[in-house]
Amino acid sequence: MKISILRQKAEPFCTHLFGLLCLLLFAFLFSISMTSSWLNHEVGDEYVYFEKDSLPRNLFFLVLALAVLAVLARLLQELLSQRKMNLLALLVSALSIGISLYWVQSSGTFPQADQEYIWEQAQLFNSGDFSGLQPGGYVGIYQQQLGIITILRVLDRIAPFFHTEGWHLFQLFSALTTGLLVYAGFRVVTLITDRQYVAQLLYLLLAFVCAPMYLYTSFVYGESSSTAFSMLAAWMFLECLRTPRVRFFVGLYLSAFAALLLRTNTIIIFIAFAIVLVIKLLRNATRRLVSVGLVLLLAVLSPTVLTNSLYGDKIPEGSKPMPAILFVTMGTRDDVTNAGWYDSYSYLQYLDHDLDPLAASEAAGADLAAFLTQCREDPAYAADFYNRKIASQWNAPMYQCIVMNNRVEGPQTALVQSLYEGAANQRLTNFMNLYQSLIYGGVLVFTVLGLKKRFPLENHLLLIAAFGGFLFSILWEAKARYVFPYFLLMIPYAAAGIGTMLTGLLQRTGR
């Protein structure tokens, strides 16, 4: 009997506890976003710099933005049926693809740094040269890149049919997935709000005006596309929990598989899926939930199975990937402009220990222990370090979307040039500063409502993923780009929170 009671109370207890944690997190993020920002100063400098914001000014524009959203929601709510709402979502998704394609074709950006390395390796692999997998080779050290390299290999093969380069096809592919991201997010909002019109409308508007979502499509890496497939997987997962159909199970498998193949770190998102599933299984272990778990497990394992089958016999026995602790220790370093950001520590440490994972791990562990000792002896420094590390990632409203695409070798339109270094850049930065506060504030409202209304655990699915991303960003090497996918996952919850708040205000005013 006691075990049965514990099982019944596990889900509401975990939901309430998570709601409290989210309340603390988003109260913090919202407050710092209203009083400060971390911004890039030059296109060629990827570091972000602290700037103090005007709280009265931000409050004024935030209230103004909410008023405009309330008026728009009121006007559109009377015009759109649920069927028309779905058509509107498809239209907004199509427009998002159009803007993304325009950006890809007009930005004139070329791959650089890791983008260029994975593209070069894809070409070499296709030519039969797998030397990059040798000890000390780029892919030998960073074997987590094998998934996206495999995709680039396919694009390299078909690129001649389109008279272009494979990396450019990847940019176009990322642009197409923007529409998928927007529409899947709309379906997530529909499910977690039980088809609340205002929340659906607000989501479409908020997603449509998220500028970095478009600007990252020219970045030849997995941030854009993997997040789109993660959002699709969330939609499929929620559908499987509520109205299981074969098409939803297939969609869950394919979308999770694609997301993980494109970007290994999306495993954090799927750990959130697993957490929800385990807690629900604890309460009621139905055949449906077990089936969802098996599909999810198969999807998570499939990318590794694929890359092992393609490259397992080509990786020399002595070629070992860089140990994770090197990235964790680098995330504690304070010798560059931003706390915990990349400073070559991981790579140099690995080379200094002759690519021996055990020796490098021991050295990194010693450095990590020294840092933790310093934090214990000087709590004020520890608080300052982690404040700077967190804020430089989570309070950077542009999320490095311009500076990460700063290798421009093709022609740019006047608008794109202005977005890079002209007046449009400043206007966009100001807009995103307000937009970021609006999203954090909307999620904060959602968490408060969740505590009052006792939403089911699955309604917090992507917030659990974002919370996991927050914890990961504290531990790992830091960069604002790394947290941008989690920001995209928050937009449905911001829309739900703001939508419920505005609906309540409109009902009270009798409008």
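In the predicted model, helix α15 spans residues 345-352, and its buried residues are Tyr345, Ser346, Gln349 and Tyr350. Viewed down the axis of α15, these buried residues fall within an arc of 125 degrees, so they line one face of the helix. An α-helix has 3.6 residues a turn, so residues three or four places apart point the same way. After α15 comes aspartate 354, with a positive phi near 55 degrees.

Positive phi values were also computed at two further residues other than glycine, namely aspartate 194, with phi near 55 degrees, and tyrosine 399, with phi near 50 degrees. Each lies in a loop between helices. Aspartate 194 belongs to the loop between α7 (166-192) and α8 (197-208), while tyrosine 399 is placed in the loop between α17 (379-394) and α18 (414-421). Their surroundings were examined through relative accessibility. Aspartate 194 has a relative accessible area of 65% and is exposed, because the cut-off for an exposed residue is over 50%. Tyrosine 399, by contrast, has a relative accessibility of 0% and counts as buried, since buried residues are those under 20%.

The protein as a whole contains 21 helices and two strands. Its C-alpha atoms fill a box of roughly 70 × 70 × 60 Å along the principal axes. The radius of gyration is 23 Å, which agrees with the value near 24 Å that a compact globule of 511 residues would have. Of the 511 residues in the protein, 55% are buried. Among contacts in the protein with a separation of 6 or more, 79% are made by residues 24 or more positions apart.

Methods. Residues are numbered from 1 along each chain as its sequence is written. This is a predicted model: local features need pLDDT of at least 70, side-chain atom pairs count only at pLDDT 80 or more; totals for chains, interfaces and linings use all residues. Side-chain values use heavy atoms; hydrogens and water are left out. Buried means under 20% relative accessible area, exposed over 50%, partly exposed in between (1.4 Å probe, protein chains only). Helices (H or I, at least four residues) and strands (E, at least two) are DSSP runs, numbered from the N terminus. The arc is that of the directions from the helix axis to the C-beta atoms. The radius of gyration is taken over C-alpha atoms; the globule rule is 2.2 Å times the number of residues to the power 0.38. Contact means heavy atoms within 4.5 Å.
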